[in-house]
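Here's a quick briefing for anyone meeting this structure for the first time. Take a look at the model, then read on.

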Amino acid sequence: MHHNDVSRPIRRRTLLTGATATAALAATAACGDGDGPAGTADDPIEISFEWWGDEARADITKQAVDLFMEKNEGIKVAANFADYPAYWESLTGRMASRDLPDVFQMDYPRLRQFGGTGMLLPLDGVVDTSDFRDGVLDTAKLDGQLIAVPVGTNVFGLIYRPDWFEEHGIAVPEAGYSWDDYAELIRTLTAALGDGRWGGSDWTGSYLLAELWLRQQGDSFYSDDAASLNFTKEQLVQWWTIAAPLQADGSVPSPEEAAAENAPGVAAGTIATEMRWDTAVNGYWSTVTEGGGSLGIIAPPSADPANLALHLRPAMQYVVGANTEQPEAAAKLIEFLLGDPEAAKILGTNRGIPATKTALDNVELDEASQAVIDYEATVEGHLAGAPVVPPAAAGAVEAKFTEIYQQVQYATMTPEDAADLFFTEAETLFASEQ
């Protein structure tokens, strides 16, 4: 979709595509000589619902949607899904013609891109939010307006192999340990584990961890208006040199080893510790436990023992397209998927730890999800407010962050030059979003 498409007349095309056509037809049918009012079994309202994910997610989601239609005979849901890249390609292409689904799944880093341009319906007073767990709605607001609801949540953590720690008599650190302590722990583990196994990998290419480290010092990655970076080049140089000694002595995999096809990781059985969103444990669990191993989660390191700067993040969100002609039916579907006890049982923790109290009470937790819940209980007292909703350019900024740090890892650029380049590139990306 080229930028100049936006200026072309699109009214006619809009009416002939997807969800809008369905809504338009439903509206026309409602004014005709149909069998009574719209929204009955004979003359149902039709809404569209789209998400990204695999077949397993699609199967359970369709079961929950079928149950919704059974309990709400006046609403028909046209459900559709795709894998992540195809899903976003389709949605961003449809932004121009304002032909978005009635209800769709939102990825938090893209919330501003859609919400900041008026593509999403404000949900205050539309969706009932009384049953949400404390703090989960913080990340669903943009400029004071609720424009999304979280489906599930997760918290950052250090996923590790308790069995390896035990086997080598290495103590598991208590919450509040420093980044230097973590580096030392990796070094100790790597020495103990021997060939082809490491205590951890170089974590400084992760923008998310840089953000965490900055927040622990009372700073942030993005400015409050999300229109610029909010830290200094000196801080970035400091961050990008933390793991250098570990690279130098082989305590972490070299960039070549990390890039190898069997990329090292906790799930691959080559790495003892890894910082991720805690629900990643769900994907690792069977691989590790079937091999006789065990998994645990503890708090990540901190630059300030009194400030872990952790927050509840939406694993994903549901939003309503501003172009919907059926806001009530859209809200009903969302409330059902998030708050119906039977739907909760079907959907489980596929989209994170459920965001509503009812769903959490009714979901059957497997061992992995129980481990996540237990971890989150230990850091509950350390949860802070969420960072600002990321800028529309966030995806590109994050990709640059990782890409430029790779130059440092491969020693083709000094941390100082890399920081200069990152700041220049970021400025360009922000400017292109204005």
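Before we start, a word on terms: strands are DSSP runs of E with at least two residues, helices are runs of H or I with at least four, and both are numbered from the N terminus. Keep in mind that what you're looking at is a predicted model.

**Two residues with positive phi**
- Asp143 sits in the loop between strand S4 (141–142) and strand S5 (145–146).
- Its phi is near 50 degrees, which is a positive value in a residue other than glycine.
- Asp143 counts as exposed because its relative accessibility is 71%, and the cut-off for exposed is over 50%.
- Arg98 also isn't a glycine, and its phi is positive too, near 50 degrees.
- You'll find Arg98 in the loop that runs between helix H4 (84–95) and strand S3 (103–106).
- With a relative accessible area of 38%, Arg98 is partly exposed, as that class lies between the 20% and 50% cut-offs.

**The whole chain**
- In total, the chain has 18 helices and 11 strands.
- Its C-alpha atoms fill a box of roughly 80 × 50 × 40 Å along the principal axes.
- Among contacts with a separation of 6 or more, 75% link residues 24 or more positions apart.

**Inside**
- Buried residues account for 50% of the 434 residues in the chain.
- The largest nonpolar core has 129 residues, and those with the most contacts inside it are Phe114, Val149, Trp203, Phe221, Trp239 and Phe422.
- Helix H13 (residues 327–339) gives the most to this core, supplying 8 residues.
- So who does Trp203 touch, leaving aside neighbours within four places in sequence? Its contacts are Trp179, Tyr182, Ala183, Ile186, Leu209, Trp239, Ile242, Ala243, Leu246 and Met275.

**Surface and charge**
- The chain exposes about 19,300 Å², and carbon and sulfur atoms supply 50% of that area.
- There are 26 positive and 66 negative charges in the chain, and their mean positions are 7 Å apart.

Definitions and conventions: Residues are numbered from 1 along each chain as its sequence is written. This is a predicted model: local features need pLDDT of at least 70, side-chain atom pairs count only at pLDDT 80 or more; totals for chains, interfaces and linings use all residues. Side-chain values use heavy atoms; hydrogens and water are left out. Buried means under 20% relative accessible area, exposed over 50%, partly exposed in between (1.4 Å probe, protein chains only). Contact means heavy atoms within 4.5 Å. Accessible areas come from the Shrake-Rupley method with a 1.4 Å probe; for residues, only the protein chains shown count as cover. Lys and Arg count as positive and Asp and Glu as negative; His and the chain ends are not counted. The place of a charge is taken as NZ of Lys, CZ of Arg, CG of Asp or CD of Glu. A nonpolar core is a set of buried Ala, Val, Leu, Ile, Met, Phe, Trp, Tyr and Cys residues joined through side-chain atoms within 4.5 Å.
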